[in-house]
Amino acid sequence: MKRIIQYLLKGLTILLPIVVTIALVHWFLVTIETWLRPIWESILGDKYYFPGLAFLSFIVIAMVVGFSARWRFINKVWQLPGNIMEKMPLLRSLYGTITDVFDLMSGKSFSDESVVRVTLPGADVKLIGIVTKKPGQKDDRLSALLDDDHIAVFLPMSYNVGGYMIIVPRSSVETLDMSPADAMQLTISGGLGKNRAHQDD
């Protein structure tokens, strides 16, 4: 019986990530198709429309928006809906969380030295974290709270969407040669995933 349970848990470990990934991809494709298909059908008609055109057009739109955001004026126009949502109490938390996750995973606003190993003061425990704020950043509420010799570090939690933000002395951190995305993958998986070291050519 114990071995059967082990086989079951092993099977679930293999299958569940696959099922969840397929479900998310299916939901994303269906949502995009539902939103954009009527527009393309009104332009091209049913005869010339083919499945997948809505998704391809969405990818092109995303690339065009990302490219046009290089210009400051256009970037402000694209940020206007987000700025409005951030002022709505019900949407502010959800929208802010989603944008923060994308910024974190894409490495936005993080320097190459942002991944650190933190030694908790008064303890031998070491944690991997990502520097999120340093003192002296203009018009930033958290930065204004930091002393000159302190920094804010985000500590991701293993197998959980969350973590802790701690403020520690600079002397308690050691820079690691790792990207924020790699640090997130390593810590969220608890070190159990296939975290292969990067080798120089």
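**Close-up 1. Phe55 is partly exposed in this predicted model**. The relative accessible area of Phe55 is 26%. Partly exposed lies between buried (under 20% relative accessible area) and exposed (over 50%), using a 1.4 Å probe and protein chains only. Phe28, at 30% relative accessibility, also counts as partly exposed. The model is predicted: local features need pLDDT of at least 70, side-chain atom pairs count only at pLDDT 80 or more, and totals for chains, interfaces and linings use all residues. Residues are numbered from 1 along each chain as its sequence is written, and side-chain values use heavy atoms, with hydrogens and water left out.

**Close-up 2. Phe28 and Phe55 pair within a set of three aromatic pairs**. Rings of Phe, Tyr and Trp (its six-membered ring) pair if their centres lie within 6.5 Å; planes under 30 degrees apart are stacked, over 60 edge-to-face, and the rest tilted. Here the centres are 6.0 Å apart and the planes at 90°, so the pair is edge-to-face. Phe28 sits in helix 1 (residues 2–44) and Phe55 in helix 2 (residues 53–68), 27 residues apart. Helices are DSSP runs (H or I, at least four residues), numbered from the N terminus. Phe28, Phe55 and Phe58 form one aromatic cluster.

**Close-up 3. Phe67 and Trp71 form an edge-to-face pair**. Their ring centres are 5.5 Å apart, with planes at 80°. Phe67 is partly exposed at 47% relative accessibility. Trp71 is partly exposed too, at 43%.

**Close-up 4. Arg70 lies over the face of Trp71**. The distance to the ring centre is 4.9 Å. A charge sits over a ring if NZ of Lys or CZ of Arg is within 6 Å of the ring centre and within 35 degrees of the ring normal.

Terms used: Helix = DSSP H or I, 4+ residues; strand = E, 2+ residues; numbered from the N terminus.
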